[in-house]
Structure formats: structure tokens, C-alpha cells
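Have it open while you read, and take the points in order.

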Amino acid sequence: MSLHVIEHPLVQHKLALLREYGISTKSFRELVSEIGTLLTYEATKDMPLQEHSIKGWQGNDIKVFKLQGKKITVVPILRAGLGMMDGVMELIPSAKVSVVGLQRNEETLEPVPYFEKLVGKIEQRLSLVIDPMLATGGSMIATIDMLKKAGCTHIKAIVLVAAPEGVKATLDAHPDIEIYTAALDNHLDEHGYIVPGLGDAGDKIFGTV
Ligand code: URA
């Protein structure tokens, strides 16, 4: 399955708090980060393990399982994606970070990259693209285009809230990727906001409301 809606009670509880009218910047930031951690836990649960033999606490050899060492790059989409970064890195602290910035071309309405700093040998890594809101899917699709152009073949998206329109557009363009989200909301309004959504997640994270 390509869309994973994480219905874990902790995720849903934190998302409910995040949706509250008048939430403070501090609480919003903390919850975005915490949900980012929980979604990362789910998005990494198929990472391959390798059997090792180690000396256990009694001094005899025991078998244990460790990560096979598949490398990861976290890809925050500027600017709201930065708000999830600490939470994601909490679980995968050695992941390298590839930052992507996009802006809308006012004539074509297409997202155009204005910043792209990808890590070296990115094609050997699992890319975890992070952005709190999957609305129209424009930025997500452009970011995945960019990653595939750089040779990436294993890409997952982690978003807090998704609109059906954005999920469809993203999976139509890139059926091979997987999307992890805390909620699949109802629809986009005429201004491109997700309903019920969270409002402008970037403004709420950075306190620029
Ligand atoms: N970006 C946001 O921050 N919120 C939305 O609802 C849609 C896009």
C-alpha cells in the first residue's frame, strides 16, 4: 500500500491538540516535532536487519539484530519541513540532510526549485521527504522529481496532514513512493488550504502568523 494513515492513539491525540484554535507557537512546534518522530518510527519499520553475534552480559556469544546500515537522507522542503526535522532526527541522528526550496512560478503556477543542496551519493540512500502539509502535491512531486533526477530510487514522504487531492496527484506522478501521514483530511478549499487542516503550518511553526 502506498498511503499509510497512522492511527496510533498517541499520533491522533497529538494531532487533535495541533488542530486547536489559538494554539501557541511553542506548542505547535513541539507537537509537529513529536508527531514527526512517531511517523518516522512507522516509516522506518521495514528497514532491513542483519544478524550479528556479540558477547552478551553473561560473557557468552548471543545473536542480535542490527540495522543493515542502509543510509538515509532526510529531505525537508523549505520552510515548513524544517519544523519536523528535529523530531525525525531524534530517531535517526546520523542521517544526512538534503534541503530543497521551491517557489511558485506566478505565470505557470508550477513549483520551481530555488534551492537544492543534496548530499553526496544520494542514490545509495533512502530519502525521507518531510513537509507538514500535503495539499495540492505540487511541491512534493517537484521534490521527488528532483530526487529521482539525482538517482534516488527509494523515496518515502512523511507529512502530518494530507489532502486527497495531494495524495492522488503525488501517487499518480510517482506510484513507487510511500506516503506516511497522521491524517487524510477532507478536501482543499478555494485558497489551497487543507480542510479541516491546520492552517498555514509554516507560519505557525515560525511564529509569522
Ligand atoms: N500549506 C499549509 O501550510 N497549509 C495548508 O492547509 C495547505 C498548504
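1. Is Phe-65 buried or exposed? Phe-65 has 10 C-beta neighbours inside 10 Å, so this residue counts as exposed. The cut-offs are these: a residue is buried if 20 or more other C-beta atoms lie within 10 Å of its own, exposed if 12 or fewer, and partly exposed in between, with C-beta atoms placed from the backbone. You'll find Phe-65 in strand E3, residues 61-67. Leaving aside residues up to four places away in sequence, Phe-65 touches Leu-49, Gln-50 and Glu-51. Contact here means that the C-beta atoms of two residues, placed from the backbone, lie within 7 Å. Ile-54 is 11 residues from Phe-65 along the chain, and their C-alpha atoms are separated by 10.0 Å.

2. Before going on, a word on what you're looking at. This is a predicted model, in which local features need pLDDT of at least 70 and side-chain atom pairs count only at pLDDT 80 or more, while totals for chains, interfaces and linings use all residues. Residues are numbered from 1 along each chain as its sequence is written. As for element names, helices (H or I, at least four residues) and strands (E, at least two) are DSSP runs, numbered from the N terminus.

3. Next, the helix pairs. Two packed helices are described by the angle between their axes and the distance between the axes. Axes are lines fitted to C-alpha atoms, for helices over the stretch in contact, and angles run from 0 to 180 degrees between N-to-C directions. H1 and H2 pack at about 155°, their axes 10 Å apart, and are therefore roughly antiparallel. (Under 35 degrees counts as roughly parallel, over 145 as roughly antiparallel, 65 to 115 as roughly perpendicular and the rest as oblique.) Their crossing is left-handed; that is, the near helix is turned anticlockwise from the far one by less than a right angle, whereas clockwise would be right-handed. H1 brings Leu-10, Val-11, Lys-14, Leu-15, Leu-17 and Leu-18 to this contact, and H2 brings Phe-28, Leu-31, Glu-34, Ile-35 and Leu-38. These residues divide into 9 nonpolar, no polar and 2 charged. For that count, Ala, Val, Leu, Ile, Met, Phe, Trp, Tyr, Cys and Pro are nonpolar, Asp, Glu, Lys and Arg are charged, and the others, Gly among them, are polar.

4. Between helix H1 (9-18) and helix H2 (25-43) there is a loop, and Glu-20 lies in it. Glu-20 counts as exposed because 12 C-beta neighbours fall inside 10 Å. Gly-56 is 36 residues from Glu-20 in sequence, and 48 Å from Glu-20 in space, C-alpha to C-alpha.

5. H2 also packs on helix H3 (residues 82-91), at an angle of about 40° and with axes 7 Å apart. H2 and H3 are therefore oblique to each other, and their crossing is right-handed. On the H2 side, the residues in contact include Arg-29, Val-32 and Tyr-41, and they meet H3 residues including Met-84, Val-88 and Leu-91. The contact divides into 5 nonpolar, 6 polar and 4 charged residues.

6. What follows H3? Ile-92 lies in the loop between H3 and strand E5 (96-97). Ile-92 is partly exposed, with 19 other C-beta atoms within 10 Å. Not counting residues up to four places away in sequence, Ile-92 touches Thr-40 and Ile-72.

7. Please look at two peptide bonds. A cis bond joins Leu-78 and Arg-79, with omega about -10°, and Arg-79 is in the loop between strand E4 (72-76) and H3. Another cis bond joins Val-195 and Pro-196, with omega about 0°. Pro-196 is in the loop between strand E13 (194-195) and helix H6 (201-206).

8. Then there's the ligand. Its surroundings include Ala-80, Met-133, Tyr-193, Ile-194 and Asp-200, where a residue is near if its C-beta atom, placed from the backbone, lies within 6 Å. The shell divides into 6 nonpolar, 3 polar and 1 charged.

9. Finally, Leu-147 in helix H4 (residues 138-149). Leu-147 is buried, with 26 other C-beta atoms within 10 Å. Beyond residues up to four places away in sequence, Leu-147 touches Val-75, Ser-127, Cys-152 and Ile-155.
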